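Student: Please pick one part of this model and take me through it closely. I'd rather follow one connected story than a list.

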Amino acid sequence: KMMTLLLAFEHMEQKEDLSLNSIISIDKSVVANVPRDGVIWLDNGEKFPFKDIITAAAVKSANDAAYVISKSEKSCCQ
């Protein structure tokens, strides 16, 4: 999770398509692809500022939040 956070911060430094205030939509792949332990119970359709997702991954060590971070970097970078 720490490497995921590092890559997210590096991406934000290099590109303008993702910031701490970017609104991230949770999609159904989070529920389908992430084991439901060590999570903050993100649900399909919810929207959060990226900084809240980062906080959940860093403080709560939430697997679903880390998964959202990795998907957010990939989708904005293509």
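Tutor: Let's start with the words helix and strand: both are DSSP runs, numbered from the N terminus, where a helix is H or I over at least four residues and a strand is E over at least two. What you see is a predicted model, in which local features need pLDDT of at least 70 and side-chain atom pairs count only at pLDDT 80 or more, while totals for chains, interfaces and linings use all residues. Residues are numbered from 1 along each chain as its sequence is written, and side-chain values use heavy atoms, with hydrogens and water left out.

Our part is the loop between helix 2 (28-33) and strand 2 (47-49), where W41 sits. W41 is not a glycine, yet its phi is positive, at about 60°.

Other residues share this loop, and V34 is one of them. Is V34 buried or exposed? Buried means under 20% relative accessible area, exposed means over 50%, and partly exposed is in between, using a 1.4 Å probe and protein chains only. V34 has 7% relative accessibility, so it counts as buried. Contact here means heavy atoms within 4.5 Å. Leaving out residues up to four places away in sequence, V34 touches S29, V39, N63, D64 and Y67.

With a relative accessible area of 52%, G45 is exposed. Along the chain G45 and S25 are 20 residues apart, but their C-alpha atoms are separated by 6.2 Å.

A nonpolar core is a set of buried Ala, Val, Leu, Ile, Met, Phe, Trp, Tyr and Cys residues joined through side-chain atoms within 4.5 Å. The largest one here has 17 residues, and F50, I53, V68 and I69 have the most contacts inside it. Helix 1 (2-14), helix 3 (50-60) and helix 4 (63-77) are the elements that give two or more residues to this core, and helix 3 brings the largest share, five residues. I69 touches T4, L5, A8, F50, I53, I54 and A57, again not counting residues up to four places away in sequence.

How do helix 1 and helix 3 meet? L5, A8, F9 and M12 in helix 1 meet F50, I54, A57 and A58 in helix 3. This contact divides into eight nonpolar residues, no polar and no charged. The axes of the two helices come within 11 Å and cross at roughly 155°; axes are lines fitted to C-alpha atoms, for helices over the stretch in contact, and angles run from 0 to 180 degrees between N-to-C directions. Angles under 35 degrees count as roughly parallel, over 145 as roughly antiparallel, 65 to 115 as roughly perpendicular and the rest as oblique, so helix 1 and helix 3 are roughly antiparallel to each other.

One last stop: S61, in the loop between helix 3 and helix 4. S61 also has a positive phi, near 60°, without being glycine. With a relative accessible area of 35%, S61 is partly exposed.

Terms used:
Nonpolar A, V, L, I, M, F, W, Y, C, P; charged D, E, K, R; others polar.
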